[in-house]
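Please examine the sequence and the three-dimensional structure shown here. The report below is intended to be read alongside them.

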Amino acid sequence: MEKIVGIIVVFILLLSCSKEDDKTSFSFDNPELSLEIPAGFPVLNNSVKNNRPTKYGVELGEKLFNEKKLSGNNSISCASCHHRAHAFADHNPRAIGIYGRIGLRNTPPIQNMAFMQFYNWDGNVLQLEKQPLVPIITHEEMNSSIVEVIGKISQDISYQELFKKAFGDEYITPDRIYRSIAQYAYTLISANSKYDQVMRNKDEKFTKSEAQGYQIFKQKCESCHSTELFTDQSFRNVGFPLHSSSEEAGRARVTGMLSDFMSFRVPSLRNIEYTAPYGSFGQFATLIEVLDYFDKGVRDTENLDPILKENGNRIPLTDHEKQDIISFLKTLSDPEFLGSGS
């Protein structure tokens, strides 16, 4: 009897050692990626500091970004609305989601997210890690749930392996999904346009029209579109045409304050050549339409931005000035970021 007990004990010890070997056979090596902060850019926001992009975190985030299983009927992914060729925006006035449902607003571009303090047109999200759930559960977008998403992707061995590489084990959790997508978005930095090359003295020069446009831009546009991000990240009512939906209230949807009614986050102008149509619900098909609207006089409102009020509700521009401004704005295009560079 003692001999049998001894054999059992030895067997248990061997089994225990085998399990320990299994636990240590996977070496968790997921190096942090270096984010280069372009000259003149703001510092990284606090969310990035707490969720630094890693080699496999970014790889997983990009895979999830392109994953159609995030939607209820497996028909659309984040990339379905955020096309790289359009600076991760699209060409529709308002976002088109599952079953062709039309969203409330225009799809915003995804670029330089690591430096932003607010996300979405009304700034309702302060941390990028809290953004992915919004389209997943929204009726007009993906019309799903995070539980349903996890149920689908957990059956995929490639996801199990990637989660293990990114987080140390194969457990798929909502937080890990959000963190990895955010890590991928943080790497989408656009700062290599002709404008950037000129500013860095990289053997690039503005044409006469571009140079004139830059001067006009600094006089008439830079108050809102400042910093190297070409946005001061403020919320302003600039008198754009009203949305037909009673659900729209701009920043007031977040703050509940009447003074924020129809105020929207000032968009970055980087890659603006490729992000048409323009405005919170694509009110303007072209850049010239935007400039014409400002020139002719914007819609008057009680909370219209003071800069416009002080100038008779308009930004006066000649036709020649408009063309020069557009010439300059096109220097903010970054072919490499759009995937068309060398």
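## Basis of the report

The structure is a predicted model.

## Salt bridges

The model contains 15 salt bridges in total. One of these joins D305 to R236, with the closest N and O atoms 2.9 Å apart. D305 belongs to the loop between helix 11 (287-296) and helix 12 (306-309), while R236 belongs to strand 1 (residues 235-236), so this pair ties together parts that are 69 residues apart in sequence. D305 has a relative accessibility of 8% and therefore counts as buried, since the cut-off for burial is under 20%. R236, at 17% relative accessibility, also counts as buried.

A further salt bridge links the side chains of D292 and K322, at 2.7 Å from N to O. D292 is in helix 11 and K322 is in helix 13 (residues 319-329), so the bridge ties together parts that are 30 residues apart in sequence. D292 is partly exposed at 22% relative accessibility, whereas K322 is buried at 3%.

How are D292, D295, R314, D319 and K322 linked? These residues form a network of salt bridges. Within it, the side chains of D295 and R314 meet at 2.8 Å, N to O. D295 lies in helix 11 and R314 in the loop between helix 12 and helix 13, so the pair ties together parts that are 19 residues apart in sequence. D295 is buried, with 13% relative accessibility, while R314 is partly exposed, with a relative accessible area of 32%.

Helix 11 also has several buried residues, namely L287, V290, L291, Y293, F294 and D295. An α-helix has 3.6 residues a turn, so residues three or four places apart point the same way. The cover over the buried residues of helix 11 includes helix 12 and helix 13. Just after helix 11, G297 adopts a positive phi of about 120°.

## Two pairs of crossing helices

At what angle do the axes of helix 5 (residues 146-153) and helix 7 (residues 174-186) cross? The crossing angle is roughly 85°, and the axes come within 10 Å. Helix 5 is therefore roughly perpendicular to helix 7. In this contact, I146, V149, I150 and I153 of helix 5 meet P174, I177 and Y178 of helix 7. The contact of helix 5 with helix 7 comprises 7 nonpolar residues, no polar ones and no charged ones.

Helix 9 (residues 208-220) and helix 13 have axes that come within 7 Å and cross at roughly 100°. These two helices are therefore roughly perpendicular to each other. On the side of helix 9, the residues in contact are S209, E210, Q212, G213, Y214, I216, F217 and K220. On the side of helix 13, they are H320, E321, Q323, D324, I325, S327, F328 and L329. The residues of the contact of helix 9 with helix 13 divide into 6 nonpolar, 6 polar and 4 charged.

E248 is located in the loop between strand 1 and helix 10 (252-255). Is E248 buried or exposed? E248 is buried, with a relative accessible area of 3%. Leaving aside residues up to four places away in sequence, E248 touches L104, R105, H243, R253, F261, M262 and F264. With R105, the side chain of E248 makes a polar contact, side chain to side chain, at 2.7 Å. E248 and S280 are separated by 32 residues in sequence, and their C-alpha atoms are 10.0 Å apart in space.

N237 also has its place in the loop between strand 1 and helix 10. At 3% relative accessibility, N237 counts as buried. A polar atom of the N237 side chain lies 3.2 Å from the backbone oxygen of F261. Which residues does N237 touch, not counting those up to four places away in sequence? They are F261, M262, S263, R299, T301, N303, L304 and D305. D305 is the residue that forms a salt bridge with R236.

Technical notes:
Residues are numbered from 1 along each chain as its sequence is written. This is a predicted model: local features need pLDDT of at least 70, side-chain atom pairs count only at pLDDT 80 or more; totals for chains, interfaces and linings use all residues. Side-chain values use heavy atoms; hydrogens and water are left out. A salt bridge is a side-chain nitrogen of Lys or Arg within 4 Å of a carboxyl oxygen of Asp or Glu. Helices (H or I, at least four residues) and strands (E, at least two) are DSSP runs, numbered from the N terminus. Buried means under 20% relative accessible area, exposed over 50%, partly exposed in between (1.4 Å probe, protein chains only). Contact means heavy atoms within 4.5 Å. A polar contact is a pair of N or O atoms within 3.5 Å; within protein, one must be able to donate a hydrogen and the other to accept it, and residues adjacent in sequence count only if both atoms are side-chain atoms. Axes are lines fitted to C-alpha atoms, for helices over the stretch in contact, and angles run from 0 to 180 degrees between N-to-C directions. Angles under 35 degrees count as roughly parallel, over 145 as roughly antiparallel, 65 to 115 as roughly perpendicular and the rest as oblique. Ala, Val, Leu, Ile, Met, Phe, Trp, Tyr, Cys and Pro count as nonpolar, Asp, Glu, Lys and Arg as charged, and the others, Gly among them, as polar.
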